[in-house]
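Please open the model in your viewer and keep the sequence panel at hand.

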Amino acid sequence: MKYENGKDIFPERLLKQIQKYAAGKLVYIPSPEKRDWGESTGYRKYLLKRNHDIRLKFRNGVTIEQLADEYSLSYETIRKIVYSKKEVFVMEYKSTLSSATGYARNGKLEEWIHTYLQSDGHNQEFSDGLKLFDRYFLGPVKMPLSLFKRCCGPETDMKWIIPKVSFEKKVSELQKVISENDDMPPLIVHYVAGEFELNDGNHRLEAYSRLGVAEYYVIVWITEKEEYADFMEKYSKYME
C-alpha cells in the first residue's frame, strides 16, 4: 500500500484534528461502504426514469404490446413495470433555486446537489468528497450573505487565488444575469467548527455584494452531529 503524507490529502483544519489523536502514527482509513449498483454510473437513474415514462404512457392508453416494441423489452417485463405497486417519483433537474427547493420538498436535496455539482457546478471532486461520509443537508434556506466570505478571488489572502481579469469578467457577467433572474441556484456552504466555508458560489457572492443584495438562499452541509446541533441552536430561526 502506498504511503501518503497527510498534508497532501487532508484540509488543514481536519489535519489538526487528526493530529490530536494520531500524530506520527500509521493509520489505516477504510473505504466507505459500497454504494448501490448503478448509482455511480447513472444507469440506475436512467432505469427509474424509463420505468416512469413507461407507466405514464400506459396510463395514457399505449398498450403493453406497443410499449414492448418501443422499448425493445419483453411483454412480461413491461407488464411488471406498469402493474408494479412501487411508483417512483422522478424529478426534472434544473440549475435553479426552484428546482433545488422542489427536490428538498420531496426528500431529494442530496440528489439535486450531486446532479448540480456534476453538471452546471463543474465540481465532480466536491461531489465525490461529499459521498465519502453521511452528511446533514439543510435548505435551501434564506440567510444573510454577510455570514459568508469568499475563499476564491484575486486577493492574496484567498485560499484559491485566480487572475483578477477573469474574476472581474465573471462577476460582471453574473451581475447582469442576477439582475434579470431571481431563480439562481443556491450557494453551498459547509458549517464546521462554528464557522461557514463557502464551497460553491464565490463569484455569485461577490456579484450579490456589488448589487446590494443582503440575503439569498443557501444549502448548508454538516458532517458531525455535534456541529449540526450547534448550527440549529444558533441559526434555526432561518429555518422557519
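**A tour by selection**

Begin with Tyr 83, which is exposed, at a relative accessible area of 51%. This is a predicted model, and Tyr 83 sits in the loop between α4 (75-82) and α5 (97-105).

Phe 58 is partly exposed, its relative accessible area being 25%. Display both rings: Phe 58 and Tyr 83 form an edge-to-face aromatic pair, with 5.6 Å from centre to centre and 75 degrees between the planes. Phe 58 belongs to helix α2 (residues 43-59) and Tyr 83 to the loop, so the pair ties together parts 25 residues apart in sequence.

The structure holds 15 aromatic pairs. For a further view of them, select Phe 148, Tyr 191, Phe 196, Phe 231, Tyr 235 and Tyr 238, which ring pairs link into a cluster.

Now move to helix α5 and select Ser 99, which lies in that helix. Is Ser 99 buried or exposed? Ser 99 counts as buried because its relative accessibility is 8%, and the cut-off for buried is under 20%. Show its surroundings: setting aside neighbours within four places in sequence, Ser 99 is in contact with Glu 92, Tyr 93, Lys 94 and Trp 112.

Finally, colour the chain by confidence. The average pLDDT is 86, and 81% of the residues score at least 70. Select residues 33-41, over which pLDDT stays under 50. For this stretch the model has 7 contacts beyond four places in sequence. Where pLDDT is low, predicted coordinates should not be read in detail.

Conventions:
Residues numbered from 1 in each chain as written. Predicted model: local features only at pLDDT ≥ 70, side-chain atom pairs only at ≥ 80, totals over all residues. Heavy atoms only, no water. Phe/Tyr/Trp six-rings, centres within 6.5 Å; stacked < 30°, edge-to-face > 60°. Helix = DSSP H or I, 4+ residues; strand = E, 2+ residues; numbered from the N terminus. Buried < 20%, exposed > 50% of the residue type's maximum accessible area, 1.4 Å probe, protein only. pLDDT = per-residue confidence, 0-100. Contact = heavy atoms within 4.5 Å.
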